[in-house]
Amino acid sequence: MESGAVTGFTSAIAAHGFFFIPALFGSVAVTSAMWGFVAFYVSCMVVTWWFYARKNAEAPS
């Protein structure tokens, strides 16, 4: 029932990537941009682990 909203939200976030990634490459050094992407993805993995994969995480209802 909520899959349409999740798909729309995910698509909106993905569409912003086509703007922000080239903008970052044009405004800062490529190495700095890549480290920023690594930090972002690591933070996403930590948040996902915290809410879904860790021991004693709250089960979805």
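Is Phe37 buried or exposed? Keep that in mind while we walk through this model, which is a predicted one.

Start with helix 1, which takes in residues 3-27. Its 25 residues reach 36 Å from the first C-alpha to the last, close to the 36 Å expected at 1.5 Å a residue. Even so, have a look at Gly17: a kink of about 30° in helix 1 is centred there.

Now move on to helix 2, residues 30-53, where Phe37 sits. Phe37 turns out to be buried, because its relative accessible area is 16% and the cut-off for buried is under 20%. What does Phe37 touch? Setting aside neighbours within four places in sequence, Phe37 is in contact with Ile21, Leu24 and Phe25. Ile21, Leu24 and Phe25 fall within the 3-27 range of helix 1. For a sense of scale, Phe37 and Val47 are 10 residues apart in sequence, and their C-alphas lie 15 Å apart in space.

Met45 also belongs to helix 2, but here the picture is another one. With a relative accessible area of 56%, Met45 counts as exposed, since exposed means over 50%.

Finally, go past helix 2 to the segment after it, where you'll find Asn56. Asn56 is exposed, at 69% relative accessibility. Its backbone is worth a glance too: Asn56 has a positive phi of about 70° although it isn't a glycine. Most residues other than glycine have a negative phi.

Technical notes: Residues numbered from 1 in each chain as written. Predicted model: local features only at pLDDT ≥ 70, side-chain atom pairs only at ≥ 80, totals over all residues. Heavy atoms only, no water. Helix = DSSP H or I, 4+ residues; strand = E, 2+ residues; numbered from the N terminus. Expected span 1.5 Å × (residues − 1). Bend = angle between axes of the 7 residues up to and from the residue. Buried < 20%, exposed > 50% of the residue type's maximum accessible area, 1.4 Å probe, protein only. Contact = heavy atoms within 4.5 Å.
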